[in-house]
Amino acid sequence: MPEQALDRASGVPLYAQVREVLRSQILGQNIAPGEHLPGELELQESFGVARSVIRQALAELADAGLIRRERGRGSVVVPTRVHRRRAEQAGGLSRQLAAAGEQLRTVVIDLTAATAPEAAVAALETSDAWRIERLRFVDDEPLVFMRSWVSRELFPELTADAIQGSLLGYMRSAGVVPVGGPRQMRAVPADPTVAGYLGIDVGTPVLLLHAVTNDAHGRGLEWSTVWHEPSTVFDVDARVAAEDSTAPDLGRVRELVAELTTLFTPGQP
């Protein structure tokens, strides 16, 4: 590990700075699961700190479940649990996780009648909406924090109890059939609200999914923003694009040009 510069004037304890550097290396898989961290002496020289600082940083990483300390062998990066879902599938998270033997639990944090933001109004074609915040868990570990907006006109009787299982399931029970819609995904740093709900540090990269769910007639049913805990992996079944069948066959074009030339050449029968 190359020498690591610490900010000794920042007021942040040195052990905390060392911990965060190592944590970033682990989460970014610069140090892969199952690999050993450098020894305490090597870390001490790399960071230029006392051995007690290194030991405290490693102890906190071990408490967080990121490393396992083995007597006589040093510290080993613990493989992180990965939650997988299909990127092209709208909804159905509970079914996807159930297929992997995992149980999803949903807690409705907030359900309030409110004015939808401008982007949601464009999708729902109304500003009179329900604002819904939900936190979804697997084995009591927070996995997804969701903030959704749905039309109050379409779902006037919506209650928190009704969507403890699935919002899309409630829509179906109300006679509205969701079919999907556009999705956009990008990495963003977790703000204090998201970090608090997902149990991660502020600034930790998370996957943010912007989603619109429509019915078969293109009517907007839900506009949502969904933050995924960093262990989430989205699987995509990518296909090689077929050749463009509309592209001209140059060989056939030359043949036609030759035939036309023959037909319209003076003196030809």
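Reply: Start with a term: a polar contact is a pair of N or O atoms within 3.5 Å, where one must be able to donate a hydrogen and the other to accept it. Keep in mind that this is a predicted model.

Me: What makes the pair of arginine 134 and serine 148 a polar contact?

Reply: The side chains of arginine 134 and serine 148 are 3.4 Å apart in this contact. The limit is within 3.5 Å, so the pair counts.

Me: Why is arginine 134 called buried?

Reply: Arginine 134 has a relative accessibility of 3%. Buried means under 20%, so arginine 134 counts as buried. Arginine 134 is found in strand β5. Leaving aside neighbours within four places in sequence, its contacts include Val108, Phe145, Ser148, Leu167 and Glu222.

Me: How do you know that β5 and β6 pair?

Reply: Strands pair if DSSP finds at least two bridges between them. β5 (residues 128-138) and β6 have 10 bridges in the antiparallel sense, so they pair.

Me: What makes β6 and β10 a pair?

Reply: The test is again at least two bridges. β6 and β10 (residues 220-228) have seven, in the antiparallel sense, so they pair. Phenylalanine 145 has tryptophan 227 in β10 as its bridge partner.

Me: Why is β6 called mostly covered?

Reply: β6 spans residues 141-151, and eight of its 11 residues are buried. Each of those eight falls under the 20% cut-off, so the strand is described as mostly covered.

Me: What makes a group of residues a nonpolar core?

Reply: The members are buried residues of the nonpolar kinds listed for the term, joined through side-chain atoms within 4.5 Å. The largest core here has 17 residues, and Val18, Leu22, Phe47, Ile54 and Leu58 touch the most other members. Helices α1 (14-27), α2 (40-47) and α3 (51-63) each supply at least two residues of this core. α3 gives the most, with five. A second, separate core has 13 residues, among them Val108, Val150, Tyr170 and Met171.

Me: How many helices and strands does the chain have, and what share of its residues is buried?

Reply: The chain has eight helices and 11 strands. Of its 269 residues, 36% count as buried.

Conventions
Residues numbered from 1 in each chain as written. Predicted model: local features only at pLDDT ≥ 70, side-chain atom pairs only at ≥ 80, totals over all residues. Heavy atoms only, no water. Buried < 20%, exposed > 50% of the residue type's maximum accessible area, 1.4 Å probe, protein only. Helix = DSSP H or I, 4+ residues; strand = E, 2+ residues; numbered from the N terminus. Contact = heavy atoms within 4.5 Å.
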